[in-house]
Amino acid sequence: MTTVSKTPPGADPKQLERTGTVREIGSQAVWSLSSCKPGFGVDQLRDDNLETYWQSDGSQPHLVNIQFRRKTTVKMLCIYADYKSDESYTPSKISVRVGNNFHNLQEIRQLEMVEPSGWIHIPLLDLANNPVRTFMIQIAVLANHQNGRDTHMRQIKVYTPVEESSVGKFPRCTTVDFMMYRAIR
């Protein structure tokens, strides 16, 4: 079990994408929730706005299901949580499960979070330290701070590693001069 404590917020996932090593693939998945209050569902969880959130509306565990149409390599999940804004709605214990469908999910990570504030980066690696290949990811909120019943999650991002081309290995274009000529106009 991993514990995430009161630390400075993690790097914005958009910064990770700019490095060219990962790509966000949440838009390729079908998302579902165990429950939600009207107006606080998947759309708010995926809208890139840290002021909106998913709010569950039922008994625990609260579930976020992320299903891909084909087996997909997933390197990392990023979850945005804000204890100062959400208090007892903030998750304190979550489980991340992967599998082919709802019937064979296996837990690969369990985290305990102590008053999180910012992006929480959750690597999804197998026993050989490689990114997992899966059809489905399930995030289960097992407990909230202050024994809260419902939960808030502000954003969730799903990342796959960017594979280098086998056609030829060219250095990345990083200088301003290089960037000016990288596309045909």
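These legends describe close-up views of a predicted model.

**View 1. An open sheet of four strands.** The strand order is β2-β12-β6-β9. Pairing in this sheet is antiparallel. β2 (22-24) and β9 (117-123) stand at the edges. Each has a single partner strand, so one side of each is left without a neighbour in the sheet. Neighbouring strands are turned by 30° against each other on average, direction ignored.

**View 2. The pairing of β2 with β12.** Strand β12 covers residues 155-161. β2 and β12 run antiparallel and are joined over three bridges. V22 stands opposite P161 of β12.

**View 3. The largest nonpolar core.** This core has 28 residues. Which of them touch the most other members? They are I137 and I139. Several strands each supply at least two residues of the core: β3 (29-33), β5 (62-74), β6 (76-82), β7 (91-99), β8 (106-113), β9, β10 (132-144) and β12.

**View 4. The surroundings of I137.** Sequence neighbours within four places are left aside here. The contacts of I137 include V64, N65, I66, F68 and V74. I137 also contacts L77, V96, R97, V98, L124 and V158.

**View 5. R154 in its loop.** R154 sits in the loop between β11 (152-153) and β12. Is R154 buried or exposed? Its relative accessible area is 6%, under the 20% limit, so R154 counts as buried. The R154 side chain reaches the backbone oxygen of E51 at 3.3 Å. Beyond four places in sequence, R154 is in contact with residues including Q44, L45, N49, L50, E51, T52 and Y53. Y80, D82, S85 and D86 are also in contact with R154.

**View 6. The salt bridge between D86 and R154.** Side chains of opposite charge can pair when their charged atoms come close. In the pair of D86 and R154, the closest N and O atoms are 2.7 Å apart. D86 belongs to helix α3 (residues 83-86), whereas R154 lies in the loop between β11 and β12. The two residues are 68 residues apart, and their pair links distant parts of the chain. D86 is buried, with a relative accessible area of 4%. R154 is buried as well, at 6%.

**View 7. The salt bridge between K157 and D48.** Six salt bridges are counted in the model. In this one, the side chains of K157 and D48 meet at 2.2 Å, N to O. K157 lies in strand β12 and D48 in the loop between α2 and β4, so the pair ties together parts that are 109 residues apart in sequence. K157 is buried, with 8% relative accessible area. D48 is partly exposed, at 45%.

**View 8. The salt bridge between K37 and D57.** The closest N and O atoms of K37 and D57 are 3.5 Å apart. K37 lies in the loop between β3 and α2 (42-45), and D57 in the loop between β4 (54-55) and β5. The pair therefore ties together parts that are 20 residues apart in sequence. K37 is partly exposed, with a relative accessible area of 28%. D57 also counts as partly exposed, at 35% relative accessibility.

Methods:
Residues numbered from 1 in each chain as written. Predicted model: local features only at pLDDT ≥ 70, side-chain atom pairs only at ≥ 80, totals over all residues. Heavy atoms only, no water. Pairing = 2+ DSSP bridges. Axes fitted to C-alpha atoms, helices over the stretch in contact; angles between N-to-C directions. Buried < 20%, exposed > 50% of the residue type's maximum accessible area, 1.4 Å probe, protein only. Polar contact = N/O pair within 3.5 Å; in protein donor to acceptor, adjacent residues only side chain to side chain. Contact = heavy atoms within 4.5 Å. Core = buried A, V, L, I, M, F, W, Y, C linked by side-chain atoms within 4.5 Å. Salt bridge = Lys/Arg side-chain N within 4 Å of Asp/Glu carboxyl O.
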